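Subject: Structure handover

Hello,

Please find the structure below, followed by notes on what turned up in it. Could you look through both before setting up your own runs?

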Amino acid sequence: MDIYSSTVDYISNLPVIEGWNEMQDILRRVASVRPVDWHLPMAVCQSLDGSDERAIPACAAIACAQIGIILIDDMLDDDPRGEYHRIGEAQTANCAATFLSAGLEAILHSPARSETKLAAVQSLNQMILTTAFGQSLDCQNPADESAYWRVVEFKSAPFFGNAFHLGALFGEASDKVAENLQQIGRLYGEMIQIHDDLNDTMAVPANQDWTLGRSPLPILFAQRVDHPERQRFIELRRDVSSPGVLREAQNILIRCGALSYCVDQLLRRFRAAQDILNGTPLPRRDVIEPVLNELAAPVCHLFEAMGNPIPDLATGAALYSGIME
C-alpha cells in the first residue's frame, strides 16, 4: 500500500474537501514530497499487528493537522516558502482552519469503533489546542533554557505524541500501551526539535533562525553560557549575512560546547524512549525501533567516525546539569 496516495484519497473524499479545488491542490503538493510524519501512525499500528487499512484514518488525521499547523506557523515565522505568499494570508488562514477541522472529520468518518473514535478525537483536539499555545509561546522568542523547553513541551512534543497515540488507538492498544507509545512520541518530537535546531544553525547560507534573531538551542547556549567567546558570538550574530561571519559564529558554536550540549540532550531522550519501549509489550517492536534509530544514527555515526564511543549519559549529566541557568 502506498500510504501517501491512500491518505490523499481518504482526505479528498471527506465532505466539503471533495469539492474544494484549493484544498485539494495544497494536499497533493504536500503529499508529493512524501512527509515522513504521515507514516508514524501506520508504523505504530503495524507494531501492534494492526492492518495498514486500519491506520489510514489516523494517517489522514495527522496529515490534515500537520498541514494546518504549518500553514499557520509559516505566517507566524514570516517564512519565505509559506503558502500565504502564493494564495494570500486570508485564504491561507481559512485553509489552515479547514485542514485542522478535517483532521477531526477524518477520524469521525473512519470505520473504527465509537470508543476509538471518541478517544482519537479527544487526543487530536487536545494536541491542536496545546500546539496553538506552543506557537504563541514561540512567537515570544524564548530568552532562556527553561522558556525554550517550555516551547518544545507545548509546540513540538504534542504533535508527535499524538501521531503515536492515534496509531496506538487505531491499532487497538491497551490504555497503558497507548500511553507508553504517546510518551515515546513526545520524546521523538523533542528529538526532532533538537535535530532541526542543529541543522538550521549549521546551514549555509544563514537560516532564518540567524537572520530573524530567533533562539534555537545551540544559539541560546552560546549566548547564555559563560565561555571565552561569548561576547564575540553575540556581536557576530547581529549580522551573519557575510559567509565569513557566519562561519566564525558556527565555529564558536562548536568550540563553546553548544553542539555537544545539543547532542547530549538528544541522546538523553533517545535513551529514555528506548527504556519506555523496552517496557512496552509490542508484537512487532522491530517496526518502531528504526523510527527512533533514524534520529540518533547521525550522532552515533559522528562519534564512530571520530573513533569515540557514545558519551556516557551520567557523565553528561554532571557536565551539563544547570549549565544554562
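Asp-79 counts as buried, at 7% relative accessibility, where buried means under 20% relative accessible area, exposed over 50% and partly exposed in between (1.4 Å probe, protein chains only). Its salt-bridge partner is Arg-81, with the closest N and O atoms 2.8 Å apart; a salt bridge here is a side-chain nitrogen of Lys or Arg within 4 Å of a carboxyl oxygen of Asp or Glu. Arg-81, by contrast, is exposed, with a relative accessible area of 72%.

Two notes on the source. This is a predicted model, in which local features need pLDDT of at least 70 and side-chain atom pairs count only at pLDDT 80 or more, while totals for chains, interfaces and linings use all residues. Residues are numbered from 1 along each chain as its sequence is written, and side-chain values use heavy atoms, with hydrogens and water left out.

Salt bridges

The structure holds 20 salt bridges. Side chains of opposite charge can pair when their charged atoms come close. Glu-248 and Arg-232 meet in one of them, at 2.9 Å from N to O. Glu-248 lies in helix H13 and Arg-232 in helix H12, so this pair ties together parts that are 16 residues apart in sequence. Helices (H or I, at least four residues) and strands (E, at least two) are DSSP runs, numbered from the N terminus. Both partners are partly exposed: Glu-248 has a relative accessible area of 30%, and Arg-232 comes out at 38%.

Asp-264 and Arg-268 form another salt bridge, with 2.7 Å between the closest N and O atoms. These two residues lie in helix H14, 4 residues apart, about one turn of the helix. An α-helix has 3.6 residues a turn, so residues three or four places apart point the same way. Asp-264 is buried, with a relative accessible area of 6%, whereas Arg-268 is partly exposed at 26%.

Some salt bridges share partners, and these join Asp-73, Asp-77, Asp-138, Lys-155, Asp-209 and Arg-214 into one network.

Largest pocket

The largest pocket has a volume of about 1600 Å³. Of the 44 residues that line this pocket, the closest to its centre are Ile-70, Asp-73, Asp-74, Arg-81 and Asp-196. Two or more lining residues come from each of helices H2 (21-32), H4 (52-76), H7 (114-139), H8 (145-170), H9 (175-201) and H10 (208-211). By residue class, the lining divides into 18 nonpolar, 10 polar and 16 charged. Nonpolar covers Ala, Val, Leu, Ile, Met, Phe, Trp, Tyr, Cys and Pro; charged covers Asp, Glu, Lys and Arg; the others, Gly among them, count as polar.

For the method: on a 1 Å grid over the protein atoms alone, a pocket is an open set of points with protein on both sides within 12 Å along at least five of seven lines, a cavity is a set where a 1.4 Å probe fits but cannot get out, and lining residues have an atom within 4 Å of a point. Grid points are joined across faces, edges and corners, and the volume is the space filled by probe spheres set on the points.

Helix H11 and overall fold

Helix H11 (residues 217-224) is mostly covered, with 7 of its 8 residues buried. The buried residues are Leu-217, Pro-218, Ile-219, Leu-220, Phe-221, Ala-222 and Gln-223. They pack against H8, H9, H10, H12 (230-236), H13 (243-255) and H14 (258-278).

The protein has 16 helices and 0 strands. Of its 325 residues, 53% count as buried. The C-alpha trace spans about 60 × 50 × 30 Å along its principal axes. Among contacts (heavy atoms within 4.5 Å) between residues at least 6 apart in sequence, 71% join residues at least 24 apart.

Backbone points to check

The peptide bond from Val-204 to Pro-205 is cis, with omega near 0°, and Pro-205 is found in the loop between H9 and H10. Asp-49, in the loop between helix H3 (40-47) and H4, has a positive phi, near 70°, and is exposed at 55% relative accessible area. Glu-172, in the loop between H8 and H9, also has a positive phi, near 60°; this residue is partly exposed at 48%.

Regards
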